[in-house]
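Hello,

Here is the structure I promised to pass on. My notes on the pocket and the salt bridges follow it.

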Amino acid sequence: MHDTPSAFPDFGLTPEQRRFAVRGCYYEHPGMDGERGEIWCYTDRLSYAPGESVALHVSSTASSFGIEVTRDGGVETQVLTRQNLAARWQDTLDHCSVEGCGWQASFEFRVEESWPSGAYRITLTAEGRDGDPIRCHHLFIVRPLPTRKQRRILQVAATGTWLAYNTWGGSNAYDGITGPNRNEYARMVSTQRPWGRGFVVLPPDAPRVPLEVSMPPKTVPRYPHMEWAFATGHSKKYASAGWASYDSHFFRWAERAGYAIDLASQHDLHFTPEILDGYDCVVFVGHDEYWTWEMRDAVDAYVELGGHAARFAGNFMWQTRLEDEGRRQVCYKYRARAEDPAYRGGDATRATNSWEAPEIGRPGALTFGLNSTKGVYAGWGGCAPRGMRGFPVYRPEHWAFAGTGLFYGDLLGADSHVYGYEVDGLDYEIRNGRPYPTAASGAPAGLEILAMGMASQVEEADFLRPEDQFFGDEDGRFIAETLYGDASDENLEKVRYSNGMIVNFPNGKGEVFHAGSCEWVAGLLRRDAMVERVTANVLDRYLGRK
């Protein structure tokens, strides 16, 4: 394992600023750049088919701007440039996080039939009030054409999670300026707003969530990714979601490794489930936390009919609903049982609560083999901060590990820190030195646990004061209440300690592989040979290449 530093990085913040960076509510909003001036934009949809037009909504202190559109794949390919396009400052609705910004369209362009499926980065550049350039970035997805799809991968971008974490305008699914006292998280979030800074592009040295610090004993945890975000003007949640931190790393790696790969959004999965038809392998990566019932229906039907789903992702936690033709995502989360209309004369199975809530009746394991409520935190805060960093291997003979040289008890991906942030797991028991899902775990028939690490739902240490903890036991008590009816100390002990797993199982005529960690893509980003080999083993098997 590579040596890790024992001191936290210094981004020039005072102790008070460091504390606010973690616990304060700060966000991107019109006017935040003051006298320098600014430019922002968003597109009318998340994805487009070739031949459709993209409507770009722009608000800027400058009177004109230039645009570059670049496909962000294994190689960057510029597909469109324009200069001297008219711009103006547009008033923004106060609760734009929920209602959308309400800007008029400023410029439209056509997605050419020659543009391959993938992610397309928009860069707008204008002149600031001081004469220096001002810029903004946005992203849209070009869907694949309905042509031959055999031996091709379809990656489904985690756009539901991007929306839930987007800080632009003040509110997201975690904190914000909604509610009568302007201090609550948003139960609904809009697609009609810019992405927070860091969701589309990031410098290569931007910290990831898992700690890359070997903390001495009795060290109070810190959160370098949030400190860096505050110090550099990026979104507080840049490291939690977005193309730049997660989805991009798999897509680029796959193209560079010679795989034919297309890209779609989760909205495409929801509204046009037939987009999966014909693909040998569908892939989900990174932090992939928010799904609709319809999205799961699409994947379940695809696999049962013979499809192959590879999930290199973690935290399959929340059911959402889409409204206003997909422009608004609804998730009441912790307040679902008290506030979600689905509980008041509606269909409780569609409540925007955890998938493991008994009234929903559809645990995540039924689709992907693992449950978020049996996993969650590893490698940051006070949750296993000095943990193993990789997956301890229990079944090295499995086909997924072929050619890796791994032995029983080895750590897969420890050098690149693939195990962490948020993970998914199951109840298990050890028999003859190997883990098996318990009869009450809800695991699909035939599921094998290939590797498994430790995780926690509660920050704990006798020297940590409550003000030194980021999430304390709040999430643990919510999960205890969700699963067992109340958040008592007794029920908290049932969920306090958990795990993250790599599993594989058949489903109908198809098959699912799930490496249940948000950080699997870090192994591809950091060119970890073992992680690359396991990823290739899965893709090659599912594509029929071996």
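The largest pocket holds about 840 Å³ of space. A pocket here is an open set of points on a 1 Å grid over the protein atoms alone, where a 1.4 Å probe fits, with protein on both sides within 12 Å along at least five of seven lines. Points are joined across faces, edges and corners, and the volume is the space filled by probe spheres set on them.

This is a predicted model: local features need pLDDT of at least 70, side-chain atom pairs count only at pLDDT 80 or more, and totals for chains, interfaces and linings use all residues. Residues are numbered from 1 along each chain as its sequence is written, and side-chain values use heavy atoms, with hydrogens and water left out.

What lines the pocket? The lining has 31 residues, each with an atom within 4 Å of a point. Nearest the centre are Tyr-174, Tyr-334, Phe-470, Phe-471 and Asp-475. Helices H1 (15–23), H4 (224–232) and H10 (474–484) each give two or more residues, as do strands E17 (371–378) and E20 (421–425). H10 gives the most, with 4 residues. Helices (H or I, at least four residues) and strands (E, at least two) are DSSP runs, numbered from the N terminus.

By class, the lining has 17 nonpolar, 5 polar and 9 charged residues. Nonpolar covers Ala, Val, Leu, Ile, Met, Phe, Trp, Tyr, Cys and Pro; charged covers Asp, Glu, Lys and Arg; the others, Gly among them, are polar.

Now the salt bridges. The model has 42, counted where a side-chain nitrogen of Lys or Arg lies within 4 Å of a carboxyl oxygen of Asp or Glu.

Arg-362 and Asp-300 form one, at 2.8 Å from N to O. The two are 62 residues apart and link distant parts of the chain: Arg-362 sits in the loop between helix H8 (336–339) and helix H9 (365–368), Asp-300 in helix H7 (residues 293–304). Arg-362 is buried, at 9% relative accessible area. Asp-300 is buried too, at 13%. Buried means under 20%, exposed over 50%, partly exposed in between (1.4 Å probe, protein chains only).

Arg-465 pairs with Glu-467, with the closest N and O atoms 3.5 Å apart. Arg-465 is partly exposed at 46%, and Glu-467 is partly exposed at 34%.

Asp-540 meets Arg-545 at 3.4 Å, N to O. Asp-540 is buried at 14%, whereas Arg-545 is partly exposed at 42%.

Best wishes
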